[in-house]
Protein chains: 2
Amino acid sequence: MKYPRFVLIEALWPHAWHKELAGAMNSSDLSPSAGARTQAGTGRRKRGQRQIARILEAAKAILIAEGYAAFTMRNVARRLAISPGTLTYYFKQKEDLFKSLFEDFLRRHEALLAAKKEAFPDDPLGRYEAYVSALIEESRDAFTRVYFYQLWAVSSHDPFVESLRKDAYDRFLADAESFIRALAPKRPARLVRRKAFVLCAMIEGLHVMAGAHASQLRRCAGYEGEFHRHVMALVQSDGPI
Amino acid sequence: MKYPRFVLIEALWPHAWHKELAGAMNSSDLSPSAGARTQAGTGRRKRGQRQIARILEAAKAILIAEGYAAFTMRNVARRLAISPGTLTYYFKQKEDLFKSLFEDFLRRHEALLAAKKEAFPDDPLGRYEAYVSALIEESRDAFTRVYFYQLWAVSSHDPFVESLRKDAYDRFLADAESFIRALAPKRPARLVRRKAFVLCAMIEGLHVMAGAHASQLRRCAGYEGEFHRHVMALVQSDGPI
(Lines give C-alpha, C1' and ligand atoms only; values in the text may rest on other atoms or scores of the structure.)
Protein backbone atom coordinates (compact mmCIF):
# COMPACT_ATOMS: atom_id res chain seq x y z
CA MET A 1 0.00 0.00 0.00
CA LYS A 2 1.38 3.38 -0.93
CA TYR A 3 -0.05 5.67 1.77
CA PRO A 4 -0.60 3.49 4.80
CA ARG A 5 -0.76 6.35 7.32
CA PHE A 6 -3.27 8.35 5.32
CA VAL A 7 -5.50 5.33 4.79
CA LEU A 8 -5.24 4.34 8.45
CA ILE A 9 -6.31 7.75 9.68
CA GLU A 10 -9.22 7.86 7.28
CA ALA A 11 -10.37 4.45 8.42
CA LEU A 12 -10.02 5.18 12.15
CA TRP A 13 -11.27 8.73 12.32
CA PRO A 14 -14.51 8.80 14.31
CA HIS A 15 -16.11 11.85 12.66
CA ALA A 16 -17.28 12.57 9.17
CA TRP A 17 -14.86 15.45 8.91
CA HIS A 18 -12.84 14.14 6.01
CA LYS A 19 -15.98 14.50 3.95
CA GLU A 20 -16.33 18.11 5.06
CA LEU A 21 -12.68 18.79 4.27
CA ALA A 22 -12.95 17.06 0.91
CA GLY A 23 -15.83 19.41 0.13
CA ALA A 24 -13.74 22.40 1.17
CA MET A 25 -10.93 21.22 -1.07
CA ASN A 26 -13.06 20.79 -4.15
CA SER A 27 -14.78 24.13 -3.73
CA SER A 28 -11.54 26.07 -3.79
CA ASP A 29 -10.18 27.23 -7.09
CA LEU A 30 -6.48 26.44 -7.12
CA SER A 31 -4.48 28.32 -9.68
CA PRO A 32 -0.74 28.63 -10.26
CA SER A 33 0.96 31.18 -8.03
CA ALA A 34 3.92 33.44 -8.64
CA GLY A 35 6.13 30.77 -7.09
CA ALA A 36 5.13 28.15 -9.64
CA ARG A 37 6.72 27.84 -13.05
CA THR A 38 4.70 27.63 -16.27
CA GLN A 39 6.08 26.96 -19.75
CA ALA A 40 5.66 29.16 -22.81
CA GLY A 41 3.36 27.92 -25.63
CA THR A 42 -0.41 27.61 -25.17
CA GLY A 43 -0.72 23.80 -25.13
CA ARG A 44 2.27 23.28 -22.92
CA ARG A 45 1.23 26.11 -20.61
CA LYS A 46 -2.23 24.58 -20.17
CA ARG A 47 -0.71 21.22 -19.31
CA GLY A 48 1.60 23.01 -16.88
CA GLN A 49 -1.27 24.76 -15.17
CA ARG A 50 -3.21 21.51 -14.83
CA GLN A 51 -0.15 19.86 -13.32
CA ILE A 52 0.32 22.72 -10.83
CA ALA A 53 -3.32 22.52 -9.79
CA ARG A 54 -2.97 18.76 -9.25
CA ILE A 55 0.18 19.27 -7.18
CA LEU A 56 -1.50 21.87 -4.98
CA GLU A 57 -4.51 19.60 -4.44
CA ALA A 58 -2.21 16.78 -3.37
CA ALA A 59 -0.29 19.11 -1.03
CA LYS A 60 -3.58 20.25 0.51
CA ALA A 61 -4.76 16.69 1.04
CA ILE A 62 -1.52 15.77 2.82
CA LEU A 63 -1.64 18.85 5.04
CA ILE A 64 -5.21 18.03 6.04
CA ALA A 65 -4.70 14.34 6.69
CA GLU A 66 -1.24 14.31 8.22
CA GLY A 67 -0.07 17.82 9.09
CA TYR A 68 3.09 19.74 8.28
CA ALA A 69 5.43 16.96 9.44
CA ALA A 70 4.25 14.82 6.52
CA PHE A 71 4.11 17.78 4.15
CA THR A 72 7.25 16.83 2.23
CA MET A 73 8.23 16.95 -1.44
CA ARG A 74 8.68 13.18 -1.35
CA ASN A 75 5.14 12.57 -0.05
CA VAL A 76 3.57 14.93 -2.58
CA ALA A 77 5.43 13.27 -5.46
CA ARG A 78 4.46 9.80 -4.20
CA ARG A 79 0.84 10.75 -3.82
CA LEU A 80 0.71 11.89 -7.45
CA ALA A 81 2.94 9.05 -8.67
CA ILE A 82 5.26 11.57 -10.34
CA SER A 83 9.04 11.71 -10.08
CA PRO A 84 10.71 14.05 -7.58
CA GLY A 85 12.31 15.77 -10.59
CA THR A 86 8.92 16.57 -12.12
CA LEU A 87 7.70 18.03 -8.83
CA THR A 88 10.89 20.09 -8.39
CA TYR A 89 10.38 21.48 -11.89
CA TYR A 90 7.18 23.20 -10.68
CA PHE A 91 8.03 23.83 -7.03
CA LYS A 92 11.63 23.98 -5.95
CA GLN A 93 10.95 23.09 -2.33
CA LYS A 94 8.16 22.46 0.15
CA GLU A 95 8.25 26.08 1.30
CA ASP A 96 7.14 27.14 -2.20
CA LEU A 97 4.26 24.70 -2.01
CA PHE A 98 3.21 25.89 1.45
CA LYS A 99 3.43 29.50 0.30
CA SER A 100 1.39 28.79 -2.85
CA LEU A 101 -1.43 27.39 -0.73
CA PHE A 102 -1.25 30.55 1.33
CA GLU A 103 -1.30 32.80 -1.73
CA ASP A 104 -4.34 30.87 -2.93
CA PHE A 105 -6.13 31.73 0.32
CA LEU A 106 -4.99 35.37 0.20
CA ARG A 107 -6.18 35.77 -3.40
CA ARG A 108 -9.68 34.67 -2.45
CA HIS A 109 -9.54 36.73 0.75
CA GLU A 110 -8.51 39.94 -1.02
CA ALA A 111 -11.12 39.42 -3.73
CA LEU A 112 -13.77 39.08 -1.01
CA LEU A 113 -12.64 42.31 0.66
CA ALA A 114 -12.58 44.20 -2.64
CA ALA A 115 -16.12 43.02 -3.40
CA LYS A 116 -17.35 44.25 0.01
CA LYS A 117 -15.73 47.64 -0.55
CA GLU A 118 -17.31 47.96 -3.99
CA ALA A 119 -20.77 46.96 -2.78
CA PHE A 120 -20.89 49.77 -0.16
CA PRO A 121 -19.01 52.73 -1.65
CA ASP A 122 -20.85 55.37 0.42
CA ASP A 123 -21.83 53.37 3.50
CA PRO A 124 -18.89 52.70 5.82
CA LEU A 125 -21.06 50.93 8.41
CA GLY A 126 -22.64 48.62 5.85
CA ARG A 127 -19.15 47.99 4.47
CA TYR A 128 -17.74 47.14 7.89
CA GLU A 129 -20.66 44.82 8.58
CA ALA A 130 -20.22 43.04 5.25
CA TYR A 131 -16.47 42.74 5.86
CA VAL A 132 -17.02 41.18 9.26
CA SER A 133 -19.62 38.78 7.88
CA ALA A 134 -17.14 37.72 5.21
CA LEU A 135 -14.49 37.02 7.87
CA ILE A 136 -16.96 34.96 9.90
CA GLU A 137 -17.88 33.09 6.74
CA GLU A 138 -14.19 32.32 6.10
CA SER A 139 -13.86 30.76 9.55
CA ARG A 140 -16.44 28.16 8.48
CA ASP A 141 -14.06 26.72 5.90
CA ALA A 142 -12.39 23.67 7.45
CA PHE A 143 -9.30 23.74 5.23
CA THR A 144 -8.67 27.41 5.98
CA ARG A 145 -8.79 26.65 9.71
CA VAL A 146 -6.46 23.66 9.40
CA TYR A 147 -4.04 25.64 7.25
CA PHE A 148 -3.83 28.42 9.82
CA TYR A 149 -3.34 25.95 12.69
CA GLN A 150 -0.32 24.62 10.82
CA LEU A 151 0.91 28.13 10.08
CA TRP A 152 0.77 29.11 13.77
CA ALA A 153 2.37 25.89 14.99
CA VAL A 154 5.22 25.84 12.47
CA SER A 155 5.88 29.59 12.74
CA SER A 156 7.06 29.09 16.31
CA HIS A 157 10.21 27.28 15.18
CA ASP A 158 10.53 27.98 11.43
CA PRO A 159 11.70 31.48 10.40
CA PHE A 160 10.31 31.15 6.85
CA VAL A 161 6.82 30.25 8.05
CA GLU A 162 7.03 32.92 10.76
CA SER A 163 7.72 35.53 8.09
CA LEU A 164 4.64 34.35 6.14
CA ARG A 165 2.56 34.54 9.31
CA LYS A 166 3.83 37.96 10.28
CA ASP A 167 3.24 39.48 6.84
CA ALA A 168 -0.26 38.05 6.76
CA TYR A 169 -1.19 39.50 10.16
CA ASP A 170 0.30 42.89 9.36
CA ARG A 171 -2.00 42.83 6.33
CA PHE A 172 -5.06 41.62 8.28
CA LEU A 173 -4.49 44.39 10.85
CA ALA A 174 -4.05 47.05 8.16
CA ASP A 175 -7.27 45.89 6.43
CA ALA A 176 -9.20 45.99 9.71
CA GLU A 177 -7.82 49.47 10.42
CA SER A 178 -8.95 50.76 7.03
CA PHE A 179 -12.53 49.46 7.48
CA ILE A 180 -12.70 50.84 11.04
CA ARG A 181 -11.07 54.19 10.21
CA ALA A 182 -13.72 54.90 7.58
CA LEU A 183 -16.43 54.73 10.26
CA ALA A 184 -15.11 57.70 12.23
CA PRO A 185 -12.28 59.52 10.46
CA LYS A 186 -11.62 61.67 13.55
CA ARG A 187 -10.99 58.72 15.84
CA PRO A 188 -7.34 58.76 17.03
CA ALA A 189 -5.11 56.43 15.01
CA ARG A 190 -3.97 54.49 18.06
CA LEU A 191 -7.58 53.80 19.05
CA VAL A 192 -8.33 52.59 15.52
CA ARG A 193 -5.30 50.31 15.77
CA ARG A 194 -6.44 48.86 19.08
CA LYS A 195 -9.95 48.24 17.80
CA ALA A 196 -8.47 46.55 14.72
CA PHE A 197 -6.41 44.35 17.03
CA VAL A 198 -9.46 43.34 19.10
CA LEU A 199 -11.48 42.63 15.94
CA CYS A 200 -8.70 40.45 14.49
CA ALA A 201 -8.39 38.62 17.83
CA MET A 202 -12.14 37.91 17.82
CA ILE A 203 -12.02 36.53 14.29
CA GLU A 204 -8.93 34.39 14.91
CA GLY A 205 -10.56 33.14 18.10
CA LEU A 206 -13.51 31.90 16.03
CA HIS A 207 -11.07 29.82 13.98
CA VAL A 208 -9.68 28.34 17.19
CA MET A 209 -13.03 27.64 18.84
CA ALA A 210 -14.37 25.84 15.80
CA GLY A 211 -11.48 23.36 15.83
CA ALA A 212 -10.78 21.21 12.81
CA HIS A 213 -13.96 19.24 13.41
CA ALA A 214 -16.31 22.05 14.46
CA SER A 215 -17.25 20.09 17.59
CA GLN A 216 -17.58 23.07 19.93
CA LEU A 217 -19.66 25.02 17.42
CA ARG A 218 -22.49 22.52 17.72
CA ARG A 219 -22.62 23.06 21.47
CA CYS A 220 -22.85 26.83 21.10
CA ALA A 221 -25.51 27.01 18.40
CA GLY A 222 -26.61 30.58 17.76
CA TYR A 223 -23.30 32.13 18.78
CA GLU A 224 -23.18 34.13 15.53
CA GLY A 225 -25.82 36.64 16.69
CA GLU A 226 -23.96 37.37 19.92
CA PHE A 227 -20.64 37.52 18.10
CA HIS A 228 -22.00 39.87 15.45
CA ARG A 229 -23.51 42.18 18.10
CA HIS A 230 -20.09 42.56 19.73
CA VAL A 231 -18.04 43.20 16.64
CA MET A 232 -20.57 45.96 15.86
CA ALA A 233 -20.40 47.35 19.43
CA LEU A 234 -16.62 47.40 19.12
CA VAL A 235 -16.74 50.21 16.55
CA GLN A 236 -19.88 51.99 17.76
CA SER A 237 -18.67 53.12 21.18
CA ASP A 238 -15.42 54.53 22.51
CA GLY A 239 -14.87 54.17 26.21
CA PRO A 240 -12.31 56.02 28.31
CA ILE A 241 -8.84 55.00 27.15
CA MET B 1 27.03 17.07 17.70
CA LYS B 2 23.96 15.53 19.21
CA TYR B 3 21.18 17.99 18.32
CA PRO B 4 22.26 19.72 15.14
CA ARG B 5 18.79 20.97 14.19
CA PHE B 6 18.12 22.47 17.59
CA VAL B 7 21.49 24.20 17.67
CA LEU B 8 21.06 25.44 14.11
CA ILE B 9 17.68 27.01 14.82
CA GLU B 10 18.95 28.66 17.98
CA ALA B 11 21.92 30.09 16.12
CA LEU B 12 19.89 31.36 13.16
CA TRP B 13 16.82 32.70 14.89
CA PRO B 14 16.64 36.47 14.45
CA HIS B 15 14.72 37.32 17.63
CA ALA B 16 15.55 37.00 21.29
CA TRP B 17 12.56 34.77 21.77
CA HIS B 18 14.43 31.70 22.96
CA LYS B 19 15.42 33.73 25.99
CA GLU B 20 11.78 34.60 26.61
CA LEU B 21 10.76 30.98 26.23
CA ALA B 22 13.56 29.78 28.47
CA GLY B 23 12.26 32.16 31.13
CA ALA B 24 8.74 30.81 30.68
CA MET B 25 10.06 27.27 31.09
CA ASN B 26 11.97 27.94 34.28
CA SER B 27 9.10 29.75 35.91
CA SER B 28 6.74 26.81 35.53
CA ASP B 29 6.62 24.25 38.26
CA LEU B 30 6.71 20.86 36.62
CA SER B 31 5.55 18.04 38.83
CA PRO B 32 4.79 14.40 38.07
CA SER B 33 1.34 13.90 36.62
CA ALA B 34 -1.13 11.06 36.98
CA GLY B 35 0.29 9.57 33.78
CA ALA B 36 3.82 9.32 35.19
CA ARG B 37 5.03 6.45 37.31
CA THR B 38 6.77 6.94 40.66
CA GLN B 39 8.39 4.25 42.78
CA ALA B 40 7.60 3.45 46.42
CA GLY B 41 10.22 4.33 49.09
CA THR B 42 11.07 7.94 49.97
CA GLY B 43 14.58 8.13 48.48
CA ARG B 44 13.65 6.30 45.32
CA ARG B 45 10.43 8.28 44.96
CA LYS B 46 12.33 11.56 45.21
CA ARG B 47 14.81 10.41 42.57
CA GLY B 48 11.85 9.37 40.43
CA GLN B 49 10.16 12.74 40.75
CA ARG B 50 13.37 14.54 39.86
CA GLN B 51 13.75 12.33 36.80
CA ILE B 52 10.16 13.01 35.73
CA ALA B 53 10.68 16.75 36.08
CA ARG B 54 13.86 16.54 33.98
CA ILE B 55 12.02 14.53 31.32
CA LEU B 56 9.19 17.04 31.12
CA GLU B 57 11.62 19.96 30.84
CA ALA B 58 13.38 18.20 27.96
CA ALA B 59 10.05 17.48 26.26
CA LYS B 60 9.08 21.15 26.63
CA ALA B 61 12.38 22.33 25.16
CA ILE B 62 11.95 20.07 22.11
CA LEU B 63 8.36 21.18 21.54
CA ILE B 64 9.44 24.83 21.67
CA ALA B 65 12.48 24.53 19.44
CA GLU B 66 11.31 21.98 16.88
CA GLY B 67 7.55 21.37 17.15
CA TYR B 68 5.49 18.23 17.46
CA ALA B 69 7.15 16.47 14.53
CA ALA B 70 10.40 16.28 16.54
CA PHE B 71 8.56 15.53 19.78
CA THR B 72 9.51 11.83 19.86
CA MET B 73 10.53 9.43 22.63
CA ARG B 74 13.84 8.96 20.86
CA ASN B 75 14.63 12.70 20.82
CA VAL B 76 13.67 13.16 24.47
CA ALA B 77 15.87 10.23 25.54
CA ARG B 78 18.77 11.52 23.43
CA ARG B 79 18.49 15.02 24.80
CA LEU B 80 18.76 13.68 28.36
CA ALA B 81 21.34 11.05 27.42
CA ILE B 82 19.21 8.33 29.00
CA SER B 83 18.26 4.99 27.46
CA PRO B 84 14.90 4.57 25.72
CA GLY B 85 14.11 1.95 28.35
CA THR B 86 14.58 4.43 31.20
CA LEU B 87 12.29 6.93 29.47
CA THR B 88 9.65 4.28 28.79
CA TYR B 89 9.72 3.35 32.47
CA TYR B 90 8.35 6.82 33.31
CA PHE B 91 6.31 7.58 30.21
CA LYS B 92 5.05 4.73 28.05
CA GLN B 93 4.70 6.81 24.90
CA LYS B 94 4.94 10.35 23.56
CA GLU B 95 1.21 10.86 24.04
CA ASP B 96 1.72 10.47 27.82
CA LEU B 97 4.43 13.11 27.71
CA PHE B 98 2.30 15.51 25.68
CA LYS B 99 -0.61 14.95 28.03
CA SER B 100 1.56 15.51 31.12
CA LEU B 101 2.62 18.92 29.80
CA PHE B 102 -1.06 19.70 29.28
CA GLU B 103 -1.99 18.57 32.79
CA ASP B 104 0.78 20.79 34.10
CA PHE B 105 -0.84 23.77 32.37
CA LEU B 106 -4.33 22.78 33.53
CA ARG B 107 -3.20 22.42 37.16
CA ARG B 108 -1.87 25.98 37.18
CA HIS B 109 -4.92 27.22 35.27
CA GLU B 110 -7.41 25.65 37.68
CA ALA B 111 -5.46 26.91 40.72
CA LEU B 112 -5.62 30.42 39.24
CA LEU B 113 -9.39 30.17 38.74
CA ALA B 114 -9.94 28.85 42.26
CA ALA B 115 -7.91 31.74 43.70
CA LYS B 116 -10.02 34.27 41.79
CA LYS B 117 -13.23 32.66 43.05
CA GLU B 118 -12.00 32.72 46.64
CA ALA B 119 -10.85 36.33 46.45
CA PHE B 120 -14.33 37.60 45.44
CA PRO B 121 -16.86 35.39 47.21
CA ASP B 122 -19.67 37.99 47.20
CA ASP B 123 -18.75 40.09 44.16
CA PRO B 124 -19.54 38.33 40.86
CA LEU B 125 -18.44 41.30 38.76
CA GLY B 126 -15.09 41.63 40.55
CA ARG B 127 -14.70 37.87 40.19
CA TYR B 128 -15.43 37.94 36.45
CA GLU B 129 -13.01 40.83 35.98
CA ALA B 130 -10.25 39.01 37.91
CA TYR B 131 -10.93 35.83 35.92
CA VAL B 132 -10.62 37.66 32.62
CA SER B 133 -7.42 39.41 33.75
CA ALA B 134 -5.97 36.01 34.66
CA LEU B 135 -6.83 34.66 31.19
CA ILE B 136 -5.19 37.68 29.53
CA GLU B 137 -2.16 37.16 31.76
CA GLU B 138 -1.95 33.51 30.65
CA SER B 139 -1.83 34.56 27.01
CA ARG B 140 1.43 36.40 27.78
CA ASP B 141 3.22 33.13 28.51
CA ALA B 142 5.13 32.14 25.37
CA PHE B 143 5.30 28.43 26.14
CA THR B 144 1.55 28.28 26.78
CA ARG B 145 0.92 29.86 23.38
CA VAL B 146 3.32 27.54 21.59
CA TYR B 147 1.84 24.49 23.33
CA PHE B 148 -1.67 25.44 22.21
CA TYR B 149 -0.56 26.08 18.62
CA GLN B 150 0.76 22.52 18.57
CA LEU B 151 -2.42 21.22 20.18
CA TRP B 152 -4.61 22.86 17.52
CA ALA B 153 -2.43 21.77 14.62
CA VAL B 154 -2.01 18.16 15.70
CA SER B 155 -5.65 17.78 16.76
CA SER B 156 -6.70 18.15 13.14
CA HIS B 157 -5.25 14.75 12.23
CA ASP B 158 -4.60 12.96 15.53
CA PRO B 159 -7.65 11.60 17.39
CA PHE B 160 -5.81 11.40 20.74
CA VAL B 161 -4.74 15.05 20.63
CA GLU B 162 -8.20 16.03 19.35
CA SER B 163 -9.75 14.39 22.42
CA LEU B 164 -7.38 16.39 24.69
CA ARG B 165 -8.30 19.57 22.84
CA LYS B 166 -12.02 18.91 22.95
CA ASP B 167 -12.06 18.11 26.68
CA ALA B 168 -10.05 21.23 27.43
CA TYR B 169 -12.42 23.51 25.49
CA ASP B 170 -15.50 21.92 27.00
CA ARG B 171 -13.93 22.79 30.35
CA PHE B 172 -12.95 26.34 29.33
CA LEU B 173 -16.50 26.95 28.08
CA ALA B 174 -18.04 25.54 31.27
CA ASP B 175 -15.76 27.75 33.40
CA ALA B 176 -16.67 30.84 31.39
CA GLU B 177 -20.36 29.97 31.71
CA SER B 178 -20.11 29.68 35.48
CA PHE B 179 -18.41 33.09 35.87
CA ILE B 180 -20.92 34.73 33.49
CA ARG B 181 -23.98 33.00 34.96
CA ALA B 182 -23.18 34.38 38.43
CA LEU B 183 -23.46 37.94 37.08
CA ALA B 184 -27.14 37.64 36.14
CA PRO B 185 -28.71 34.41 37.37
CA LYS B 186 -31.92 35.10 35.40
CA ARG B 187 -30.16 35.36 32.05
CA PRO B 188 -31.32 32.52 29.77
CA ALA B 189 -28.89 29.58 29.72
CA ARG B 190 -28.43 29.71 25.95
CA LEU B 191 -27.47 33.39 26.13
CA VAL B 192 -24.95 32.60 28.88
CA ARG B 193 -23.53 29.86 26.65
CA ARG B 194 -23.19 32.21 23.69
CA LYS B 195 -21.48 34.88 25.77
CA ALA B 196 -19.11 32.23 27.15
CA PHE B 197 -18.34 31.21 23.58
CA VAL B 198 -17.57 34.80 22.51
CA LEU B 199 -15.40 35.35 25.61
CA CYS B 200 -13.43 32.16 24.93
CA ALA B 201 -13.01 33.17 21.28
CA MET B 202 -11.66 36.57 22.34
CA ILE B 203 -9.13 34.98 24.70
CA GLU B 204 -8.01 32.35 22.20
CA GLY B 205 -7.69 35.10 19.62
CA LEU B 206 -5.25 36.91 21.90
CA HIS B 207 -3.08 33.78 21.90
CA VAL B 208 -3.15 33.76 18.10
CA MET B 209 -2.47 37.47 17.63
CA ALA B 210 0.54 37.40 19.93
CA GLY B 211 2.25 34.71 17.87
CA ALA B 212 5.16 32.76 19.29
CA HIS B 213 7.36 35.86 19.15
CA ALA B 214 4.84 38.49 20.24
CA SER B 215 5.71 40.57 17.15
CA GLN B 216 2.18 41.93 16.52
CA LEU B 217 1.70 42.87 20.18
CA ARG B 218 4.42 45.50 19.97
CA ARG B 219 2.62 47.15 17.06
CA CYS B 220 -0.65 47.34 18.97
CA ALA B 221 0.65 48.68 22.29
CA GLY B 222 -2.16 49.53 24.66
CA TYR B 223 -4.59 46.97 23.22
CA GLU B 224 -5.27 45.60 26.73
CA GLY B 225 -7.47 48.57 27.71
CA GLU B 226 -9.65 48.20 24.62
CA PHE B 227 -9.75 44.43 25.01
CA HIS B 228 -10.70 44.67 28.68
CA ARG B 229 -13.47 47.19 27.93
CA HIS B 230 -15.05 44.76 25.48
CA VAL B 231 -14.92 41.65 27.61
CA MET B 232 -16.67 43.72 30.29
CA ALA B 233 -19.25 45.06 27.80
CA LEU B 234 -19.91 41.48 26.73
CA VAL B 235 -21.55 40.64 30.06
CA GLN B 236 -23.02 44.05 30.88
CA SER B 237 -25.51 44.37 28.04
CA ASP B 238 -27.88 41.95 26.33
CA GLY B 239 -28.98 42.91 22.86
CA PRO B 240 -31.94 41.46 20.98
CA ILE B 241 -31.24 37.79 20.25
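Here are a few exercises, with worked solutions, on a predicted model.

**Exercise 1. The makeup of chain A**

Work out which elements chain A has and how many of its residues are buried, as a percentage.

*Solution.* Start with the elements: chain A has 12 helices and 0 strands. Reading from the N terminus, you'd write the order as α-α-α-α-α-α-α-α-α-α-α-α. Next, look at burial: of the 241 residues in chain A, 53% are buried. Last, check sequence separation: take the contacts in chain A between residues at least 6 apart, and 71% of them join residues at least 24 apart.

**Exercise 2. Sorting aromatic pairs**

Over all chains the structure holds 36 aromatic pairs. Decide how the rings of Tyr68(B) and Phe71(B) are arranged.

*Solution.* First get the distance: the ring centres of Tyr68(B) and Phe71(B) are 5.7 Å apart, and the cut-off for a pair is 6.5 Å. Now the angle: planes under 30 degrees apart count as stacked. The planes of Tyr68(B) and Phe71(B) sit at 20°, so this pair is stacked. Both residues, Tyr68(B) and Phe71(B), are buried.

Now try Phe102(B) and Tyr147(B): what does this pair tie together? Begin with the geometry, which is 5.6 Å centre to centre with 15° between the planes, a stacked pair again. Then place the residues: Phe102(B) is in helix 6 (residues 94-119) of chain B, while Tyr147(B) is in helix 8 (residues 142-155) of chain B, so the pair ties together parts 45 residues apart in sequence. Phe102(B) and Tyr147(B) are both buried.

**Exercise 3. Charges over rings**

Find the ring that Lys94(A) lies over, then the ring under the charged end of Lys117(B).

*Solution.* For Lys94(A), go to Tyr68(A): the lysine lies over the face of that ring, 4.2 Å from the ring centre. For Lys117(B), go to Phe179(B), where the charged end sits over the ring at 5.1 Å from its centre.

**Exercise 4. Where chains A and B meet**

Describe the contact between chain A and chain B, then pick out a salt bridge.

*Solution.* Count residues to begin with: 63 residues of chain A are in contact with 63 residues of chain B. Then take the area, about 5200 Å² buried between the two chains, 67% of it on carbon and sulfur atoms. Finish with the charges: there are 2 salt bridges between chain A and chain B. A salt bridge you can look up joins the side chains of Lys195(A) and Glu226(B), at 2.8 Å from N to O.

Conventions:
Residues numbered from 1 in each chain as written. Chains lettered and ligands numbered in written order. Predicted model: local features only at pLDDT ≥ 70, side-chain atom pairs only at ≥ 80, totals over all residues. Heavy atoms only, no water. Helix = DSSP H or I, 4+ residues; strand = E, 2+ residues; numbered from the N terminus. Buried < 20%, exposed > 50% of the residue type's maximum accessible area, 1.4 Å probe, protein only. Contact = heavy atoms within 4.5 Å. Phe/Tyr/Trp six-rings, centres within 6.5 Å; stacked < 30°, edge-to-face > 60°. Lys NZ or Arg CZ within 6 Å of the ring centre and 35° of its normal. Buried area = accessible area lost by both parts, 1.4 Å probe. Salt bridge = Lys/Arg side-chain N within 4 Å of Asp/Glu carboxyl O.
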